[in-house]
Structures are given as structure tokens and as C-alpha cells.
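Work through the exercises below with the structure open. Each task is followed by a solution in short steps.

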Amino acid sequence: MDKSDITLERMRSFVRVAERGSLSAVAREFGVGQSTITRHLRELEEAVGVPLLSRTTRRVTMTDEGGSYYTNCVQILRLVEQAGDEARGTRGQPAGTIRISCTAAIGVLHISRLMFAFQDRYPDIAIDLSLTDERVDLVREGVDIALRLGPLTDSSMKLRPLGQSRRLIVAAPAYLASRGMPSVPQDLAQHEGIRMSNIAGSDMLDLEGPRGERHAVRFGGRLRVDHGLAAREATVAGRGIAPAHRWLVHDLLKTGRLKAILPRYAPAPVPFNMLIVPERAGIARVRLLIDFLAREIGSIPGIESPRSRGGKRPTQKR
């Protein structure tokens, strides 16, 4: 077997096995049998002349030679994809698949709508949208872009701030009719709170007042949930008071199914960021989506873009 047997197909199989650490997972991803992936790897190693992967019963890891070869393969595959994009671009037809991971609730309520608009503009681009609140390994899962709420620590990804997600305190009219309207932050300690079980410290509310003062208030209740959409439904059902992102409840506030309470006090805003796999950032269709999201994200209620932020925090509206 000579170097002409180093095909792009075999390179792709090697790269994804190196990233996922599992032949069976890559076989499922590619829609082929595991024996096909095994053959691709064997033929590639024979053509290169050195072992690229070390296999055990539990996992697959790269050898030292495999690590260096992986880096070069990623660059080669990226250049091949860019060349195809540029060739198609001469006909004005960007095409291919973009894989996106997004925090679940905002993905269901808002990002999916933006994806529809993007595909209307670029009908030959396929979107694979994964909605999860787990912090997935983007390279391992083959993701191009991730949209995440909250602070981020993965310094290996390119970070593009999209803005701040404003929050407020809400309750259903029926709940307030039976339990009364809180007039100061300390009143919240006497109410049923709907808390997030996957957020540390949800038994305390840290609110900022109109003059920037902080109010730490005990926040208890009989119901805890681990998903924003469940918290939304519980609040509408009158199960208690909840802190919420404005984008999560904007439609319910407009129709009167929820009311904003203590409008002069609010939890701190949460960063909303885009993570981009560096090797994918140069792909034309990925760049198109990055720029599209950066432009359109301001249409989501309560997301304040970096361009619009000043030194002073805007007042929460009723």
C-alpha cells in the first residue's frame, strides 16, 4: 500500500475516532458499520507506516505520531472544505451542514426561529441543532458553534460575546391574588419560590436595587426543577414566584398570564456567548451563521447586545 491510499475518507474516519475515542460512536455518526471504520484506520496506518491510534478494550487514544498526524489532518480537511465552499460561492450557493449546540430553553423559544430565518436565506445549508444544558465537548461531538448562557471557562474555543440576558421576578396573577404582592425584597422569604435544582445557591436570591445596592434574600419553596421550560410552566400554573430570563417569559407578560413583581429589583444579568471551534471558524457557511447570529440576537427579548450596553444598567420595565 502506498501514499496514494491516504484518502480523505480515511483521514475523516481517523480524525473523528481521535476526537471521540470510540470506533462504534464514529460508525453510528457516519452511518456505516464499525468494520468499515476499522478498515479505514488500518489502511491509513499501513499507508502512513506508523501506528496512529492505541486501542484498548475501553477506549482509543492517539499515539505521539498520531497526535502530530491528527493536527495536520484537521488542517488538510479544513482546507478541502474551504476550497469547496469557495468553488460553490462563485455560484452564490453556500451549502453544507452546520452543527450547533444551544442551551435548551432559549433554543426552543428563540434560536430555532432564527435558524428558520437563516435557512430561508441560505436554503442549501443544513442545520443540525442540538438543545442541551450540558456543557458538551464541542470537538468530540462534532459541533461547529455553541450558544451558552452563563460564565465560560473553555479557553480553547473562540469566544464571541452576544450580550447580557436580563432577568426579573415573576408570578401568576392567581398566585398573587391568593398570597399577596411583595412590596420589598424581604417579602420574598414568606412566599413559595420556584427554584432551579441545577443552579448552586438557588435558595438565595441576590437582587440589585435602583441605586445599585444589593439585597440577599432567602428563597425557599416546595418545588425545584432542572429546566427553564419547566420553571415557566410551574410559574404560569401559580405554583410560586420565580426569577426568570425576560426572553423566557416575554410572551406571558404581554398576555397577562404572568406579572413582573418588584420591578425596581432584579437578579444580575447573565452573559450570553457564542463559542466557535477554531478549526471551523474559517468555513464560509459557518462564518455566515456567526455573523447572522451576531446581528439578529438582539431581536430576542431581554438580550442586550454588547453594542447597546453602556456604563449604566437599564431600568427593568413592567
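A residue is buried when its relative accessible area is under 20%. The model used here is predicted.

**Exercise 1. Leu262**

Task: Decide whether Leu262 is buried or exposed, and find what sets its backbone apart.

Solution. 
- Locate Leu262: it sits in the loop between β13 (259–261) and β14 (266–267).
- Apply the cut-off. Relative accessibility is 5%, so Leu262 is buried.
- Check the backbone. Phi of Leu262 is near 45°, a positive value in a residue other than glycine.
- Recall the background: most residues other than glycine have a negative phi.

**Exercise 2. Helix α1 against helix α3**

Task: Classify the arrangement of α1 and α3, then list the residues that make the contact.

Solution. 
- Take the axes of α1 (residues 8–20) and α3 (residues 34–48). They come within 9 Å and cross at roughly 105°.
- Angles of 65 to 115 degrees count as roughly perpendicular. The two helices, α1 and α3, are therefore roughly perpendicular.
- List the contact. From α1 come Glu9, Arg10, Met11, Ser13, Phe14 and Val17; from α3 come Ile37, His40, Leu41, Glu43 and Leu44.
- Sort by class: 6 nonpolar, 2 polar and 3 charged residues make the contact of α1 with α3.

**Exercise 3. The nonpolar cores**

Task: Which residues of the largest nonpolar core touch the most other members, and which element gives the most to this core?

Solution. 
- The largest nonpolar core has 41 residues; Ile111, Leu147 and Leu289 touch the most other members.
- Elements that each supply at least two residues include β3 (96–102), α5 (104–121), β5 (145–149) and α10 (284–296).
- α5 gives the most, with 6 residues.
- Beyond four places in sequence, Leu289 touches Ile98, Ile100, Met115, Phe118, Ile127 and Ile145.
- A second, separate core has 19 residues, among them Val17, Leu52, Leu53 and Tyr70.

**Exercise 4. Asp144**

Task: What polar contact does the side chain of Asp144 make?

Solution. 
- Asp144 lies in the loop between α6 and β5.
- Its relative accessible area is 2%, so Asp144 is buried.
- The side chain of Asp144 makes a polar contact with the side chain of Arg280, at 2.6 Å.
- Beyond four places in sequence, residues touched by Asp144 include Thr97, Ile98, Arg99 and Val286.

**Exercise 5. Thr132**

Task: Which backbone atom does the side chain of Thr132 reach?

Solution. 
- Thr132 lies in the loop between β4 (125–131) and α6 (138–141).
- Relative accessibility is 17%, so Thr132 counts as buried.
- The side chain of Thr132 reaches the backbone nitrogen of Glu134 at 3.0 Å.
- Leaving aside neighbours within four places in sequence, Thr132 contacts Ser101, Cys102, Thr103, Ala104 and Arg148.

**Exercise 6. Helix α8**

Task: Which residues of α8 are buried, and what do they pack against?

Solution. 
- In α8 (residues 228–236), the buried residues are Gly228, Ala231, Arg232, Ala234, Thr235 and Val236.
- The buried residues of α8 pack against α5, β7, β8 (194–196), β11 (223–225), β12 (242–245) and α9.
- Just after α8, Gly238 takes a positive phi of about 80°.

Note on methods
Residues are numbered from 1 along each chain as its sequence is written. This is a predicted model: local features need pLDDT of at least 70, side-chain atom pairs count only at pLDDT 80 or more; totals for chains, interfaces and linings use all residues. Side-chain values use heavy atoms; hydrogens and water are left out. Axes are lines fitted to C-alpha atoms, for helices over the stretch in contact, and angles run from 0 to 180 degrees between N-to-C directions. Helices (H or I, at least four residues) and strands (E, at least two) are DSSP runs, numbered from the N terminus. Angles under 35 degrees count as roughly parallel, over 145 as roughly antiparallel, 65 to 115 as roughly perpendicular and the rest as oblique. Contact means heavy atoms within 4.5 Å. Ala, Val, Leu, Ile, Met, Phe, Trp, Tyr, Cys and Pro count as nonpolar, Asp, Glu, Lys and Arg as charged, and the others, Gly among them, as polar. Buried means under 20% relative accessible area, exposed over 50%, partly exposed in between (1.4 Å probe, protein chains only). A polar contact is a pair of N or O atoms within 3.5 Å; within protein, one must be able to donate a hydrogen and the other to accept it, and residues adjacent in sequence count only if both atoms are side-chain atoms. A nonpolar core is a set of buried Ala, Val, Leu, Ile, Met, Phe, Trp, Tyr and Cys residues joined through side-chain atoms within 4.5 Å.
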